Every structure is written in C-alpha cells, then in structure tokens.
Amino acid sequence: MKTIMVTGSNGLLGQKITENIRSSQQYHLIATSRGDNRFPQQEGYTYVSMDILDPENVRAVIEKYRPDAIIHTAAMTNVDTCQAQQEMAFALNVEAVKTLIACCETYQIQLIHLSTDFIFDGAAGPYDEQASPNPLSYYGQTKAAAEELVKKSACPWVIIRTILVYGIVADLSRSNIVLWAKAALEKAEPLNVVNDQWRMPTLAEDLADACLLAVEKEARGIYHISGKDMMSIVELVKRVAAYWGLDDSLVNEVSSTTLNQSAGRPAKTGFILDKAIADLNYQPHSFEEGLAVLDRQVKNYH
Ligand SMILES: NC(=O)c1ccc[n+]([C@@H]2O[C@H](COP(=O)([O-])OP(=O)(O)OC[C@H]3O[C@@H](n4cnc5c(N)ncnc54)[C@H](OP(=O)(O)O)[C@@H]3O)[C@@H](O)[C@H]2O)c1
C-alpha cells in the first residue's frame, strides 16, 4: 500500500483529496495542515499538524512517515494578499517548496506540486504545457519561481497547473467564485462581474482525481488540469444563476480596469487538456455537471 502525504489538507483541494483517499484500500493518507484538522471525519487516515514554514517540522514529519508521494497543495492562494504581503507569499510559495524538494530528493519521494494558470499573461489562452510563463501578479511570480525549483530538482516530480477551482468543503478559509456568486444571488445582492477575463473553471473533485491519477500512474513532468468549458467570468456567474434558477439581472458587467485590483489578472487563460487526457485518463466534468456535484453536497454544509 502506498503512503501519500498531503500538505494544506484543510484547504479546498486538500479536503477533496482527503475525502477521496481516506476510505481507499489502495493508499494510506497522511494529511497535514497548519493547526487543527478541519476535515469533519477523523477516521481512515492520519492527521499531523505541520507548518510548511517550519523546515524542522516538515523534515521530521516526512522522516517519520516516509511517504511514497507528497501532494503539495498548501500555499498563499489569494492573489491580492500575495501582492500586499510579498515576503510572506515568497516564504510560503517558494521557500517552503525548497524544504519539500530537499526531503523528496533525500528519500526519492514523488513530489506533486500544484501550480496555476496565473503564471501566464493571458494573451494567448488556451495554453499547453510548453507555453512560456509571463506572470502579471506577485502570486504568479512566486508560483512560476517554485515551478523552476521543482523542474531542477532531483526527485521524481509532477507539476499540476490548474484554474479557478470551485467546490464546497467544511470550514473553508476562503470562498470560491461559484459559492460567492450563488450566495450573493440568493440574497438578491447586485454583483459586479468582469466580462473581459476568460477561464476554464475546475471542479475540485476533478483536480483531486488528477492528483491521484498522477500518483497511480507514476507520472512525471507538467500537466494542465482544468474543467473542459471555456467561459468569461460573467458567463460563469450567469450559468451559476441559471443552474439554481436565480435572477441574473443582478449581474452587472464591468471591465477589469474598473475594479482597481492591486494584482494583475490574465485576460484569457484556459488549458489544452490533451496530455492529461491521454497520459492520465483525466476525465473532467462539464461545468453544469460540476455544479450538480456541488449541489448534492451543499445541504451537508448548512
Ligand atoms: N483555488 C484556485 O482557484 C486555484 C487556482 C490555481 C491554482 N491553485 C493552486 O492549487 C493549490 C490548492 O489550492 P486550494 O484552492 O486548495 O487552496 P486553499 O483552499 O487556500 O488551501 C490552501 C491550504 O494551505 C494551508 N496553509 C497555508 N499556510 C500554511 C502553512 N504555513 N502550513 C501548512 N498549511 C498551510 C491553508 O491553511 P488555512 O486553511 O488554515 O489557511 C489552506 O488550508 C494551491 O497551490 C494553489 O496555488 C488554486
């Protein structure tokens, strides 16, 4: 039985991976995150409090459990917070990756590192795995810098880049666009939504599946993992409204420049998924299928 360690197991992706593996006969899971475990079920896996900013802590946990693979989801993921708190963003998104790489090299652990479409400038989406990074934000810069470290490492590595992940889990430290839009429209609050950014939103379950497929198939290299539907953000929000029968006349279309966000966002990302489909047998849901998955779960969290 393989042992998989997850960092950031309290996060959106971390909890989906925990859900997926904890009852599996195939893997033993070591779930790690800072502080207490916020995943509601405690059985079927081991939880260890691990701060990725503490190299001693990270080394000790890895040495103790000697996982076959580490899925590194922990990061500073809020783009504007990274722009405002650059030192902390660098520590979390780059320095912590160095510690993990060193451990993975020592024990030849497969490192599955999560990255982002925000390493691209959005001038030429959808992108394949060979496209050249040109980040527009500090968040994107840190993720691109971490990728370079991973690529140069001497452990078996996989970089999984993803886009605008949505889903629901317990006690999330931050929301996502689908939950945000659904909640605001249910309260009949008007929403300002950009009409000049295009994405291929990713169901958190699909991303968790892809991470596990990368372990199962002992994959190597870079993989693009997202949903299969390209849409503008305003179209996304209108599709959320349509799915739940909510009034989309509250959606106010604006251009990115009117929002005055401190961090730059790429105009059009999106991924070409052919490599993941061919190598990993990755099978993403359509956007509306993803909303249906989320809809079945929503009642568990109220
Ligand atoms: N979400 C997206 O739209 C998106 C898009 C592209 C790429 N990605 C990438 O995908 C990965 C997973 O994203 P996600 O949406 O699951 O993020 P998330 O929900 O923000 O989860 C990140 C987790 O990391 C934990 N964490 C933060 N600092 C830590 C530390 N010092 N030690 C240990 N754990 C720490 C956080 O803990 P707390 O919960 O306690 O804060 C959080 O649970 C990230 O690498 C992200 O860059 C995400």
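In which loop is Asn260 found? Asn260 is found in the loop between β13 (251-254) and α9 (274-280), where helices (H or I, at least four residues) and strands (E, at least two) are DSSP runs numbered from the N terminus. The model is predicted, with local features needing pLDDT of at least 70 and side-chain atom pairs pLDDT 80 or more, while totals for chains, interfaces and linings use all residues. Residues are numbered from 1 along each chain as its sequence is written, and side-chain values use heavy atoms, leaving out hydrogens and water.

View 1. Asn260 is not a glycine, yet has a positive phi of about 55°. Its relative accessibility is 70%, so Asn260 counts as exposed (buried is under 20% relative accessible area, exposed over 50%, partly exposed in between; 1.4 Å probe, protein chains only). Ala188, also not a glycine, has a positive phi of about 60°. Ala188 lies between α6 (177-186) and β8 (191-194), in a loop, and counts as partly exposed because its relative accessibility is 49%.

**View 2. The cis peptide bond at Pro126.** The bond from Gly125 to Pro126 is cis, with omega near 0°. Pro126 belongs to the loop between β5 (110-116) and α5 (138-151).

View 3. Seven strands, paired in parallel, take the order β3-β2-β1-β4-β5-β6-β11; two strands pair if DSSP finds at least two bridges between them. β3 (46-49) and β11 (221-224) are at the edges with a single partner strand each, so one side of each has no neighbour in the sheet. From one strand to the next, the twist averages 20°. Helix α1 (residues 12-22) packs on the sheet and touches β1 (2-7), β2 (27-33), β4 (69-72) and β5, contact meaning heavy atoms within 4.5 Å. The direction of α1 makes about 155° with that of β2; axes are lines fitted to C-alpha atoms, for helices over the stretch in contact, and angles run from 0 to 180 degrees between N-to-C directions.

View 4. The ligand is surrounded by 27 residues, the closest being Arg38, Asp51, Thr77, Tyr139 and Val165; a residue is near if one of its heavy atoms lies within 4 Å. A polar side-chain atom of Tyr139 is 2.7 Å from a ligand oxygen atom. For Lys143, the corresponding distance from a polar side-chain atom to an oxygen atom of the ligand is 2.9 Å. β5 gives the largest share of the shell, three residues.

Methods: Polar contact = N/O pair within 3.5 Å; in protein donor to acceptor, adjacent residues only side chain to side chain.
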